[in-house]
Amino acid sequence: MYPSEDDKPKEECGVFGIYNPDKTAAAPDVYYGLCALQHRGQEACGIAVCDAFGPRGNITWHKDMGLVGEVFDADTLKGLPGNLGIGHVRYSTTGASTPENAQPMVLNYLKGTLALAHNGNITNAAALRRSLEESGTFFRSTTDSEVIACDIARERLCTSCAEDAILRTAKKLKGGYALVVMSPRKLIGVRDPLGLKPLCLGRRSDSYILASESCALDAVGADFVRDILPGEILTISGDGIKSDTRLIQKKKAHCIFEYIYFARLDSTLDGVNIYDARIRAGRALAASYPVEADLVTGVPDSGLAAAMGYAQASGLPFSLAFHKNSYVGRTFIKPTQKERESAVHLKLNVLASVVRNKRLVLIDDSIVRGTTIANLIGMLKKAGALEVHVRICSPPFLYPCYYGTDVPSNDQLIASGHTPEQICARIGADSLGYMKLEDLKQMTGELPLCKACFDSNYPV
């Protein structure tokens, strides 16, 4: 948990994989892909590679705690030979933040080797783990990702190929997941049948890429081909691409928070451009909660596009009110409330000349505990803002998430025990407006959504 962002939900991780049939080294591509996905997880990262044309079982990997640029350098990447590779950036929602829980998970078993990177959360992981332990499996980590990898290895003993083993395991999994799996000859992508977690396919010349977001394809010069279908198992090998659709079902439930907060602004997920979605969110807020004000501003970075949408719809001018210090990063891990507040000031500083003697509309993506937004309002008013009217691009968080988003338990959710009017008073705002539940479709059109953290309608 990073106190400078203490009031934000966290995504579990991002995944990336590439197959270079021209024998180009995969590790540098995976590195750049992970850098583009760094926003999805900042605790740990890792890369695993192999030579699809060399001896079987030669998977090499490196993983550790820290950001991608901290864990890998030129020498480390040179030590990862092979044209086939997968990578992972992690924020922990299942399993502690420790080196042994870093991914990819690499297994050596009776029929060979495999490496797996996983985004999401498996709600029946405990039962699967018990079953594996009873059959003699020994676990090195506390993550559900290793449970998936070990179950695939067990099923592989009964099947003729890795894809069939993955299908047998996927049939048991409940929850949200996107997987990239590497065997010595194949790159395999898997997406949960509801489509809770994103995964897409890209192409660069004859190389194929799997990634959590399309922005990672851009980072390696690849073109977006399509989203992996919910429930699809896609295999990339020297024989080309093969799609298995046996897990596909009618019911879909894409995570709404990808569009509100998690995904990068330049990504497109399941046909919805993130920038456009957030502009539409701001427009919806302006229609629902107009107010007399002098300017509209947003909390960097995820509130800025929505603030522009609010300004466009309301006719009010848009302006930046905060300078974001991009170099603070992960260093301010502070235990006390006073140090938390100092970390907020170090990461965001008010542009006093912009806000002085102004009535502001402040747009943010969400309120979880209420601590960060209260600090920001206090900073704005101390700098001379006359009024701060807060507009939030999501409905109130009322329920925890079980599918890989770190939304805390009810007792830590300020909206669970307080009305919007009480929250407004607690955070020091002059007014407060949350996105209406029925207006979320303005962001994503007819895309079927999981909104369980707002309405308790859990799809699994």
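**Entry 1. Salt bridges**

I began with K381 and D430, which form a salt bridge whose closest N and O atoms are 3.0 Å apart. I then placed the two partners: K381 belongs to helix 13 (residues 371-382), while D430 sits in the loop between helix 15 (420-427) and strand 22 (431-434), so that the pair links distant parts of the chain, 49 residues apart. K381 is partly exposed, because its relative accessible area is 31%. D430 also counts as partly exposed, because its relative accessibility is 37%. I note here that the model is predicted.

I searched the whole structure for such pairs and found 21 salt bridges. I looked up D151 and K172, where the closest N and O atoms are 3.0 Å apart. D151 lies in helix 5 (residues 144-156) and K172 in the loop between helix 6 (162-170) and strand 7 (175-183), 21 residues apart. D151 is buried, because its relative accessibility is 1%, whereas K172 is partly exposed at 26%.

Buried is taken as under 20% relative accessible area. E232, with 1%, is therefore buried, and R226, at 28%, counts as partly exposed.

**Entry 2. The nonpolar core**

I examined the largest nonpolar core, which has 36 residues; F257, I260, V296, Y310, I363 and F454 touch the most other members. Two or more residues of this core come from each of helix 8 (257-262), helix 9, helix 10, strand 20 and helix 17 (452-455). Helix 9 gives the most, with six residues. I recall that nonpolar side chains tend to be buried together in soluble globular proteins.

I listed the contacts of I363, leaving aside neighbours within four places in sequence. I363 is in contact with L285, V296, T297, G298, V299, G303, A306, A307, Y310, R391 and C393.

I then turned to helix 10, whose buried residues are L304, A305, A306, A307, G309, Y310 and A311. These residues pack against helix 9 (274-288), strand 17 (295-298), strand 20 (359-364) and strand 21 (387-392). Just after helix 10, I found G315 with a positive phi of about 80 degrees.

**Entry 3. Aromatic rings**

I counted nine aromatic pairs. One of them, Y31 with Y32, is edge-to-face, with 5.4 Å from centre to centre and 75 degrees between the planes. Y31 is buried, because its relative accessibility is 17%; Y32 is partly exposed, with a relative accessible area of 47%. I also traced a cluster in which ring pairs link F257, Y261, F262, F397 and F454.

**Entry 4. Backbone geometry**

I looked for cis peptide bonds. The bond from Q103 to P104 is cis, with omega near 10 degrees, and P104 is placed in the loop between strand 4 (84-90) and strand 5 (105-109). P300 and D301 are also joined by a cis peptide bond, with omega about -5 degrees. D301 lies in the loop between strand 17 and helix 10.

I checked positive phi values in residues other than glycine. K23 has phi near 70 degrees and is found in the loop between strand 1 (13-19) and helix 1 (27-36). K23 is exposed, because its relative accessible area is 57%. D270 has phi near 50 degrees and lies in the loop between strand 15 (268-269) and strand 16 (272-273). D270 counts as buried, because its relative accessibility is 18%.

**Entry 5. A buried loop residue and a surface patch**

I looked up I228, in the loop between strand 11 (223-227) and strand 12 (233-237). I228 is buried, because its relative accessibility is 0%. Neighbours within four places aside, I228 is in contact with R191, L199, C200, L201, L210 and L234.

On the surface, I found a nonpolar patch formed by F318, L320 and L351, with about 220 Å² of accessible area together. L320 occupies the loop between helix 10 (304-314) and strand 18 (322-324) and is partly exposed, because its relative accessibility is 42%.

Technical notes. Residues numbered from 1 in each chain as written. Heavy atoms only, no water. Patch = residues over 30% accessible without salt bridge, like charges linked within 9 Å, V, L, I, M, F, W, Y side chains within 5 Å. Areas by Shrake-Rupley, 256 points an atom, 1.4 Å probe, with all protein chains shown as cover. Salt bridge = Lys/Arg side-chain N within 4 Å of Asp/Glu carboxyl O. Helix = DSSP H or I, 4+ residues; strand = E, 2+ residues; numbered from the N terminus. Buried < 20%, exposed > 50% of the residue type's maximum accessible area, 1.4 Å probe, protein only. Contact = heavy atoms within 4.5 Å. Core = buried A, V, L, I, M, F, W, Y, C linked by side-chain atoms within 4.5 Å. Phe/Tyr/Trp six-rings, centres within 6.5 Å; stacked < 30°, edge-to-face > 60°.
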